[in-house]
Amino acid sequence: MSKDAENELHSNHLVGTTILIMGGIILFFTIISSIHFGAADLSFKAVWEAIFSYNGDDSSHVIVRELRLPRALAAVTVGAALAVAGAIMQGMTRNPLASPSIMGVTAGSSFLIAIAFAIFPAISYTGLISFSFLGAALGTILVFGVSSLSKGGITPVKLALAGSAITSLLSSLSTAIGIRFNVSKDISYWYAGGVSAVQMEQLAYVIPFVLVGLVLAIILSRSISLLSLGEDIAKGLGQNTGLIKFLGTITVLFLTGAAVSIAGMIGFVGLVVPHITRFLVGVDYRWIIPCSAVLGGLLLLIADIASRLINAPFETPVGAVTAIIGVPFFLYLARKEGREL
């Protein structure tokens with residue numbers, strides 16, 4: 001290895017370590033700030049006491065524990081899950097436009113959630129999570145299936161086009177189901193995207209799935225780094241590319257299915273964050289994946305705070321806030337050709 005390459009590798013490791021340490025610290029204080037902002041005026045002292053010395057007779061403590069803390073934790077969890085899922089998809093497909101929202105994964109989850117509301121109005125939350133996972137799998141199968149049927153096989157551009165088409169189709173079908181079965185109000189939350197109504201009980205169901213997905217992603221990180229160099233290169237280095245893609249897809253389904261089940265369709269986090277992380281730490285997914293988790297959680301948490309401040313005292317859907325960031329970034333990436341992952 002040349003001296004320049006060694007210096008670059010050392011620099012990337014230093015930046016990655018800094019992101020994980022400083023990002024974690026910033027994330028903690030941003031969570032405190034997120035709990036502070038809201039319709040009820042709570043001091044930082046009250047927030048601190050509610051977290052570390054809870055008093056059930058104090059109304060401000062109840063607000064923090066029952067409403068604002070679950071909301072903040074949900075934003076971090078969903079942001080981390082979507083960012084890591086996007087990083088895995090971009091690495092496996094070598095497609096800079098790949099993300100759960102663009103590749104039809106989140107639309108598939110929301111589609112089956114709409115079906116669940118229509119057929120099982122009193123469905124339990126565990127049942128809703130199951131439908132979300134199945135929908136994520138459906139969206140993935142449809143996108144890759146449509147892409148593979150075209151002449152020349154699967155390419156990054158065809159994946160992006162198929163993802164956009166499948167997302168539009170499933171979104172339209174979900175809207176039709178909502179109108180036909182009079183459940184439009186129930187599914188509108190999932191399409192607006194947000195974490196305002198998340199309860200701690202819901203997080204208790206979802207967080208284990210996200211943790212499993214994050215652990216799998218970290219385990220696969222080295223293999224994804226090799227796969228991102230090209231399938232032939234990865235095979236030449238002894239990688240079982242079929243198994244890596246299968247496990248990577250399962251990981252994406254875990255992360256996306258869990259995220260959509262509590263927050264609905266929040267777009268562009270999985271697109272923007274991996275690119276920012278890759279710019280900062282290089283192309284080694286052993287750093288990209290954990291750093292994407294930290295930055296993704298931080299981005300969605302800040303977006304959730306902004307959603308409360310843009311039109312206070314009313315709330316703007318957090319999905320609209322992330323779209324303001326993501327759409328220009330998507331258009332910028334769509335114009336670039338040959339970007340290396």
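**View 1. Lining of the largest cavity in the predicted model.** In this predicted model, Phe268, Val269, Val272, Leu299, Thr322, Ile325 and Gly326 line the largest cavity. The space inside the largest cavity comes to about 40 Å³. The structure has one cavity of 30 Å³ or more. Two helices, helix 11 (269-281) and helix 13 (318-335), each give at least two residues to the lining. Helix 13 provides the largest share, three residues. Sorted by class, the lining consists of five nonpolar and two polar residues, with no charged residues.

**View 2. Helix 11 against helix 12.** Helix 12 spans residues 285-309 and packs with helix 11 at an angle of about 130°, the two axes lying 8 Å apart. Because of this angle, helix 11 is oblique to helix 12. The crossing of helix 11 and helix 12 is right-handed. From helix 11, the residues in the contact are Val269, Val273, Pro274, Thr277, Arg278, Leu280 and Val281. They meet Tyr285, Trp287, Ile288, Cys291, Ser292, Leu295, Gly296, Leu299 and Leu300 of helix 12. This contact of helix 11 with helix 12 contains 12 nonpolar residues, three polar residues and one charged residue. Val269 and Leu299 take part in the contact, and both also belong to the lining of the largest cavity.

**View 3. Helix 3 against helix 10.** Helix 3 covers residues 59-93 and helix 10 covers residues 241-263; they pack at an angle of about 150° with axes 9 Å apart. The angle is over 145 degrees, so helix 3 is roughly antiparallel to helix 10. Their crossing is left-handed. On the helix 3 side, the contact is made by Ala74, Val78, Ala81, Leu82, Val84, Ala85, Ile88, Met89 and Met92. On the helix 10 side stand Ile244, Lys245, Gly248, Thr249, Thr251, Val252, Leu255, Thr256, Ala259, Ile262 and Ala263.

**View 4. Helix 4 against helix 5.** Helix 4 (residues 105-119) and helix 5 (residues 125-149) cross at roughly 135°, and their axes come within 6 Å. At this angle, helix 4 is oblique to helix 5. The crossing of helix 4 and helix 5 is right-handed. Helix 4 contributes Val105, Gly108, Ser109, Phe111, Leu112, Ile113, Ala116 and Phe117 to the contact. Facing them in helix 5 are Leu128, Phe131, Ser132, Leu134, Gly135, Ala136, Leu138, Gly139 and Thr140. The contact of helix 4 with helix 5 has 11 nonpolar and six polar residues, and no charged residues.

Key: Residues are numbered from 1 along each chain as its sequence is written. This is a predicted model: local features need pLDDT of at least 70, side-chain atom pairs count only at pLDDT 80 or more; totals for chains, interfaces and linings use all residues. Side-chain values use heavy atoms; hydrogens and water are left out. On a 1 Å grid over the protein atoms alone, a cavity is a set of points where a 1.4 Å probe fits but cannot get out, and a pocket is an open set with protein on both sides within 12 Å along at least five of seven lines; lining residues have an atom within 4 Å of a point. Grid points are joined across faces, edges and corners, and a volume is the space filled by probe spheres set on the points. Helices (H or I, at least four residues) and strands (E, at least two) are DSSP runs, numbered from the N terminus. Ala, Val, Leu, Ile, Met, Phe, Trp, Tyr, Cys and Pro count as nonpolar, Asp, Glu, Lys and Arg as charged, and the others, Gly among them, as polar. Axes are lines fitted to C-alpha atoms, for helices over the stretch in contact, and angles run from 0 to 180 degrees between N-to-C directions. Angles under 35 degrees count as roughly parallel, over 145 as roughly antiparallel, 65 to 115 as roughly perpendicular and the rest as oblique. A crossing is left-handed if the near helix is turned anticlockwise from the far one by less than a right angle, and right-handed if clockwise. Contact means heavy atoms within 4.5 Å.
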